[in-house]
Amino acid sequence: MRYLVAADTGGTFTDVAVYDAGAGTVAYGKTLTRYDDLALGVLDGLAATGVALADAALVKHGTTHVINTFIQRSGARTALVATRGFRDTLEIGRGNRPVPFSLEYRRLPPLVPRELRFEVGGRLDARGVEIEPLDVAGLGALAAQLRALEVEAVAVSFINAYANPAHEEQAVAVLREALPAAYVTAGTLLTREWFEYERTSTAAANAYVGARMRGYLDAFEARLAERGFGGRFYMMGSNGGVLSAARARAQPVALVESGPIGGCIGAAEYARALGLPRLIAFDMGGTTAKCALVQDGHFDVQPVYYIGGYDHGFPLKTPVLDIVEVGAGGGSIAAVDERGRLSVGPRSAGSEPGPVAFGRGGTEPTVTDANLVLGRIGGSAFMQGRLALDTAAAAQAIAARVAAPLGYHGPDGVDVAAQGVLDLACATMAGAIREITIERGHDVREFRLFAFGGGGPLFATILARRLNIPEVVVPPQPGNFSTLGMLIAGARIDLSRTVVAEAAGEAAARIEAAYAELEAEAARTMQVELGTSALSFERVLEMRYRGQKHTVAVPWTPGQELATLLEAFATTYRRRYGNTNADCAVEILGARLGAQAAIPRPQLERLAGAAGAAAANAVAVRAVYFPPPHGRLDTPVYARAALAAGHAVEGPAIIEEYSATTVLMPGDRAVVGALGELTIRCAP
Amino acid sequence: MNAVPASIARSPDRDPITLEIIRHELVSIPEQIDRNITRTAFSPLINEYKDYAVGIVDPEGRLVSQSRGSLLIFVANALGTAVRDGIALHGAAAIEDGDVLISNHAGTLGQHLNNVVMYTPVRVGPERRLLGFFCVLMHWIDVGGSMVGSCTSTTTTEIWQEGIQFRNVRLFRRGERLADMFRMIECNTRFPEMLMGDVEAQIAGCFMGRDLVAAIADKYGAATYEAAVHAMWDGAEALARAAIGRARAGEYEAHAFLDNDGINLDRPVPIGIKVRVGGGRIAVDFSGVSEQLPGPLNAGRNGGAVAAARIAIKYMLSPDEPVNEGDFRLLDVEIPEGKFLSARPGAPIGGSGNMIPTVVDTVLRALAGAFPDRVAAAHHGTYGVHSFHGISPATGASFFHLDTLPGGWGGSAALDGYGPSRSNVHGDTSDVPVEMQEAFHPYRFESYALRPDSGGPGRHRGGVGVEKVYRITGPCRVNLKIERTGCPPWGLEGGGAGRTADVEIRRTDGSVQRVFKGDHALAPGDRVILRSGGGGGYGAPRQRDAALVARDVRAGLVSPQAALRDYGVAVRENGELDSEATARARAAQPGGEP
C-alpha cells in the first residue's frame, strides 16, 4: 500500500500519476480517453506505470465529466419542484441584462424547461416559521406525475428554505421513496445561503448532473474494486481540495472545475518553491486552453460560478478557482467556410477520431496536425513513440482542407496554411490571457507564463512574444502536470456557521464556541473520509459594517482580543476599498473554517529528473518551420531528460519529453533550474 | 479591437500594444470600482439593484470609459454634464487634488434629484497636470421632497417639491472632509444611516478610481495616456461612421405616446420623432414631442432628449463595444427648449427616467427605416417603478423599497423576443431577491411568475412579461409609477402588439382597485398584483411554425385560445399539435395560405 494515485480524465487524454511513498518518486501514464468506459482509460494509464491497484492506498480522480454534461446539455431529464407561485424563478432569474445596448441579448435557456417545472403548497416565512404545512398529498400526486413523465432527476427548492430546511428535507424524503430510481436533491443540501434564484439554479444544476455522476462514480468504483483496490477513493473538488466519493455523489456541482484545478495547485506549489510572485498558469490540452493567475503562491477562488459565463449563463453557489477557458486545444479543428474564412476550434476532434495524424479515422485537420507538419512535434516522439503520427496524412489534410481553399499550393503553401492555423489558435489563447490579466486590472508584462498541458510548452514562447511577456517557465513533466498537482492536493473541507453579533462584549466567546463546533465537525468528517484527525485549520470571520450586505474576510486566531480583530478589520477594509466608516458598528456575520489534512505527497526537488550529463547534445536535427522571416530552419532537438540543472539551450531548438514538446524560437534562451524547470527568456 | 490611427502609433512609447493595454485598463478600472461599490454600499438599491454608474471623463467632461453594468441612461452623458458645469462654476484650476464635488442640479443634469454625480480630479506629475475626473453617480435613496423616495411622487408641479439640490458643491477640500456639508446631507434625507453609508462607498470609489487612473498615467506618461484616450474615441467614431455608411440614408419618423403626466390623467403625452440619416451623420429631431408638462414626467435636455438619442444610436451603431464619447460624435440632437424632454429649470422631473424607455423605443422605431434588419419590435417600455414603504417589522425603523418590473422584449427578424428583463435604458440591474425582501418588509410574495399571453403574436413572438402577487402582512403603503399602459408595445412587419402593464389592489373586503400611479395605503391581507407588459411580435403570426406555437402552449406561455385566435394553430388537450384543424384555421385567416 505504498502508492498514491492521481488520475485526470480530460477531453482527449487520460493522465495518471503515481507517487511511490517509499522511493519518493513519481511515475506517469498517459492514454487516450475512452469515452465508452472512462474508468478503463484510467486503469490502462495505471497499467502503463506498472503499479497494481491492490498496492495503492489512495486514488484521487479529477474529471471534466460534470462541466461537459452542462456544456453539451447531456444531463438527465430533470424536473423542478418549487414553492407554489415560484416555478418560474429559474427562468426569470434576477431580470437583469448583463450585456448593454444589445437587442440580440439572450440568456442560455434554463436546464429545466417550463413544462417540467412544478409547484407544491407549503410556505415558510423569512425566519423559517411555517405558515402553511407542506402539501404532502399533493407531493405524492406530483411524484406519480413525474414517474409518468419519465423524469430521471428532481431538484427541490423552496422559498425561505435557507432559514429552515425542514420542508425541503421532507419533500426530498417523499420523492426519494416514491421515485427510488431518480436522483433527488435540494437547494439547502448544497448551500444554506439566502437568495432563491441562486439556490434554485444550484439545485437544478446538481440534479441535472447528479444522475449522470452517480452512474459514473458507481461504475468507477466498481472497476477499482474489480482490480482489488482496497484504499480510499477521492474526487478532486473545484475549490482545490479533494472530497470523498460519497460527498461527490451528493454534491456533483462541487466538481464543476475538477479538471483544471490540479494544474493550478501545482503551479502555486512551484511558484512558492521558486519564489515567483506572479504567474499566469497556462494549460493547453487537447480540447481547450485555460489560464488562471497565481499571485504570492495563491490562486483566487470565487464563491459563485457561472456555467456559460456571467453574461449569458446561470449561477452555481459553489467555490471554484477563478479561471478563463477558451476552445483552443491540440484537437481543435481547422476549417475554411464557404466565404473563404479560416476558423480554428472550438470544435475538437477529441481522442475519437482525433487528429488526422493519429490514424484513427480523423479526416479534418487539427492544431496538432499543423504542429506536426511544421516539424514542431516529431512523428515518433509523441507519447514516447507509443502513438506513431502520420505526418504525410496530416500534410495532405491541411493541403486539401486549408491550403487549397485559401489558394495556397505546394509544400510551401502547406507550411503557410499550417502556420495560419497556429496563428489563429494563438489569437484565441492570447485573448483568454488578456481577459484574466488586463481586464482584471493587471499588466500582463509583469507576469511569467507558466506553461503546461500537452500543448502549453508548444505555444508558450509564441504567446509570450505576442503578449510581451518576457519569461516563460515550463515545469518538469508538463504533459502530466495537472495530475501531479492532484497528487499534491490535500483533503479540504470548508465549513461555515452564521454568527450574527456585533464585535463587542461577549462576541469573542461566541466565536470560540462556533469554531469549537466547526472543528469537531471537520475532525469527524476527516476521520471518516481519511482516517486522520491531524488537521490544520484556517479560521476566517466574515465581517462588515452594520447595514452592509457584503462582508470582508478577516483571519481569526484562537484567544484573540476583539480590539485586535477590529483593527485587522479596519486594515483589511481600507486596503480593499480605500476607506473606513469609523462611526459605524462592526458586525460579525459568519465564521468560516477551512480544514486541511496533510496527505503524503511528492517533494518537488525529487521530480527534477535525471542529473544527466553536464553537456547534453542534440539527439537529432529536424527542419522546423518558423514564421517569417525564418521559414524552415535546421533545428536541434534535445531530450529533456538529458538536460541537467544549469544547462542552457539556445533557440531555435526543440526540447522533447514524454507527452510534451517545448519550442524555443530563434533568439530564445532556456536555462534548466534546480527543480528541473525550464526558464526561457524570450527574444523580443 | 480597433486599429490605432497611424498618426498616433508612431512614437515608440505609443506603440499599438501600449495603447491597447491602456485601453483595456481604462475599461477595466470602472469595473473594479463598480464591484467595490456593490460590496461596500448600505442600501439594497445600490448593493442588489445596482442603481449607480462609475466612469472616467477627460478635463472637458468627455466620457473615456464607464462600467458596463451602469444604467444606460447614466452612460449617455450624466457624468460629463456634471463635470462641465463644475468647471464652468469653479474653473478647472480651482478643483484641487483631494477635492470631491457633488451635483444633482436639475437645470444642468435634467434628471430626477436622486441621481447625484460625485467626482474628484485625477492629476499627475510634479505639475499636477489635470488628466480628467473620476466619477461615481449614485441614486441616493432619498433626498427629501414631498414623498418618501423623493422621485416617487406623480403629482409634483415644481422641482422644489422633489428634494434638495446640490450644484457642484464640495464634500472634500484637498482631502479634508467638510463636516458641514455631510451634516446638511444627513438632515435632508429620510434615511440618514443608509444614505451616509452609500455616500461613503461613493467617496471611496472616487478616490480609489482616481488612484488607479493616476497609476496608469504615472506608468506610461501623461502624453501616452492622452494618446490612448484619443485612440479610443477615434476608434469608436470610426465604427459609428462605418455603421452609418451601411444604413439606408433618408428621413424617417415614428410616433408613440405616454399615458399621462400624473396631473392630467386623461391627457396622453405624444412622442413624435424624426431621424435623418446621411452624409455620415445621424440627426434625431424631437421637435414633435409634447410641450413641457405640468406633472413630473419631464426631463431636462441632457437627461431627456440627449440621453435618449445617445442610447438609441448606440443600440444601432456599435452595441458590442465599450461606450465612450467617440460613439456620439456623429450625432446631432435637435429639440427646442420647453418640450417635455427639454424642460426649463424649475419643471418637475421626478419621472425623468421612467419614460425614457418609450422614447428610446420610438427613436429605434424611426431608425428601423435606416437599419431594417437590426431593429426589433417594441419592448415593455417602462421602468414599472413600484415602491413599498412604511415601518419594517424586522427593524422597527422606517423602510423604503424601490423596485421595477422586468418585462418582455420585441421579436426581431432573426429571433423570438427575449424576456422578462428590464428596460432598454437599464444596465445590469437586478431584482432584489424575494427572500431578502420578505426578511425585512411587511409583505410576502404569493407568486412571481411569467405572464402567459403577454407576448405579441408574430412569426417571432414577443417575449413575455411577469406577474407578481404581494400579500400584505403589516400596514404599509405602495407607491406606483406604472407607465405605458395605453400605447401597447407595437409589433413590426405584421406582428401583433404585446400586452400592456397592469396593476390591481385587491382589498380584504373583496373590492378591486385598478391603479397605475400614486401612493396607496395597504392593510394586512390586501393583495397587490403587478403585471408587466410583453414585447411586440415580428412578422405575421400565421407564418409562425405551428410546432413552435404548440410548444409555447405546452409551456403555458400561450393559451390554447390565443393559439387558435392569434396564430390559427389548434392544439389538443394533451399538448399535441392538431395539424388538420390548424390547416383549416390558417386557411380561413385573412391572408389565406398557411
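Which residue stands opposite B:I102 in β4(B)? The residue is B:M118, and the two strands around this pair, β3 (residues 100-103) and β4 (residues 115-124) of chain B, run antiparallel and are joined by three bridges. This is a predicted model, in which local features need pLDDT of at least 70, side-chain atom pairs count only at pLDDT 80 or more, and totals for chains, interfaces and linings use all residues. Residues are numbered from 1 along each chain as its sequence is written, while chains are lettered from A and ligands numbered from 1 in the order in which they are written.

Both strands belong to an open sheet of seven strands in chain B, with the order β2-β1-β5-β4-β3-β6-β7 and antiparallel pairing (two strands pair if DSSP finds at least two bridges between them; helices, H or I of at least four residues, and strands, E of at least two, are DSSP runs numbered from the N terminus). Because β2 (63-66) and β7 (176-177) of chain B stand at the edges with a single partner strand each, one side of each is left without a neighbour in the sheet. Helix α6 (residues 192-220) of chain B packs on the sheet, where α6 touches β1 (52-57), β3, β4 and β5 (129-139) of chain B; contact requires C-beta atoms, placed from the backbone, to lie within 7 Å.

Between the chains, the contact takes 58 residues from chain B and 46 residues from chain A. On the side of chain B that touches chain A, the elements giving two or more residues are α1 (16-40), α6, α8 (302-317), α10 (434-440) and β14 (443-450) of chain B, and α1(B) supplies the largest share, eleven residues.

Key:
Contact = placed C-beta atoms within 7 Å. Axes fitted to C-alpha atoms, helices over the stretch in contact; angles between N-to-C directions.
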